[in-house]
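Please examine the model shown below before reading the questions and answers that accompany it.

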Amino acid sequence: MTDTPLLHYTLRLADTALILGHRLSEWVGHSPVIEEDLAFGNMGLDLIGQARSLYSYAGEIEGKGRDEDALAYLRDAGDYRNILLVEQPNGDFATTMVRQLLYAAFAHPYFETLTHSSDATLAAVAAKAAKEMAYHLRHSAEWTIRLGDGTDESHARAQAAVDELWPYTGEMFECDEIERALVEAGVAVDPATLRARWDKTISEVLSEATLSRPDNGYMQSGGRVGRHSEHLGHILSELQFLQRAYPGATW
Amino acid sequence: MTATVPDHDLRERAWAAAATVCDPEIPVLGIADLGILRDIKIDNGTVEAVITPTYSGCPAMNMIALEIEVALENAGFAKPKVTTVLSPAWTTDWMTDEGKAKLKAYGIAPPAVKSGRRALFGDQSVACPHCGSSDTALISEFGSTACKALWRCKACAEPFDYFKCI
């Protein structure tokens, strides 16, 4: 595989979008109310749409004839480069909503910035994604406030979700050598530049939600270079089963 | 097609044919009214329709592309092409006034303000498409399709879809 930095980077963006989109789709038919069922379905669809555009582009960059389906369905866990946050289990409603907040508060400014990329395709995908992630941010922020500032039960669950997911937030701001070169070329976004904005958004939401913000202790890392938690294998076994069992099957 | 027909005539005919295609989720709204149909290109008598999705994951796009091909073939264009572009990103600002009026008549509140950060993070005020009251409330940020939110009217008690500003 011709693993150029641009290919690696595009797959990181695509895998993160696909895995989070798949996680949200797991709620469909299981949400507490129909409106939230629709909301998870819609948000999942946005993310899977972003992933499709990015996989198609990754296939073009690679130039080996792999299309979006081949990249999504026929790569194993070690080849996936999504951040660990998005593969964490859905848990309860609060856990899913807080995970969405932590990611959207990062992804929204990230894609806004990526619209200035010197890479025209990434800039175009980012322009759509930025608008979509703004809605995800608003929705998940409102729910986090409602849950945190709600009953004792919802407060306790929301706080547990924040505490549990916090160690996965550091990875979003990492920039390794693969990305550093792309940042310098004006292709990729330096995530460190978004840290202050993310901190501000999250602090404001948590404070309004009467939730306490954990200290930045040890941060989990490795998803972006293919070192995943056990959860990704389980996601892929469901996501990829059909294409693995019946190669090339179509509707 | 004969080579004697000027390209701009062909383009006009092709545009008119493609514009008859409706969004399958909003059957009163043509894809030109919606701003999904971006361009018609004529190359050597071959027609290419350029469309852009409203949302990255809009599941109606495949259906719309297929229907454009059928509409163009029915209008006498052989082997039409449909191309999807992502840039510039679709915005509700492209929706025509006629389109907005059709939406409202169909019972969907059209996008109320210009897109932008204020539309996303400011307080929204949406008028009920049924009775016109502005005494309305958001039920859910996400409605029956990616492009709509779910609202209710406190005056006439009817729920309604609102076409989100992006």
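This is a predicted model: local features need pLDDT of at least 70, side-chain atom pairs count only at pLDDT 80 or more; totals for chains, interfaces and linings use all residues.

Residues are numbered from 1 along each chain as its sequence is written, and chains are lettered from A and ligands numbered from 1 in the order in which they are written.

Q: Why are helix 5 of chain A and helix 6 of chain A called oblique to each other?
A: Angles under 35 degrees count as roughly parallel, over 145 as roughly antiparallel, 65 to 115 as roughly perpendicular and the rest as oblique. Helix 5 (residues 120-148) and helix 6 (residues 152-165) of chain A pack at an angle of about 125°, with their axes 7 Å apart. The two helices of chain A are therefore oblique.

Q: Which residues of helix 5 of chain A meet helix 6 of chain A?
A: Thr144(A), Leu147(A) and Gly148(A) meet Ser154(A), His155(A), Arg157(A) and Ala158(A) of helix 6; contact requires C-beta atoms, placed from the backbone, to lie within 7 Å. This contact divides into two nonpolar, four polar and one charged.

Q: How many residues of chain B are in contact with chain A?
A: On chain B, 18 residues are in contact with 24 residues of chain A. The side of chain B that touches chain A holds 11 nonpolar, six polar and one charged.

Q: What separates domain 1 of chain B from domain 2 of chain B?
A: Their centres, taken over C-alpha atoms, are separated by 26 Å. The contact takes 11 residues from domain 1 of chain B and 12 residues from domain 2 of chain B.

Notes:
Two residues are in contact if their C-beta atoms, placed from the backbone, lie within 7 Å. Ala, Val, Leu, Ile, Met, Phe, Trp, Tyr, Cys and Pro count as nonpolar, Asp, Glu, Lys and Arg as charged, and the others, Gly among them, as polar. Domain bounds come from an automatic or database domain assignment. Axes are lines fitted to C-alpha atoms, for helices over the stretch in contact, and angles run from 0 to 180 degrees between N-to-C directions. Helices (H or I, at least four residues) and strands (E, at least two) are DSSP runs, numbered from the N terminus.
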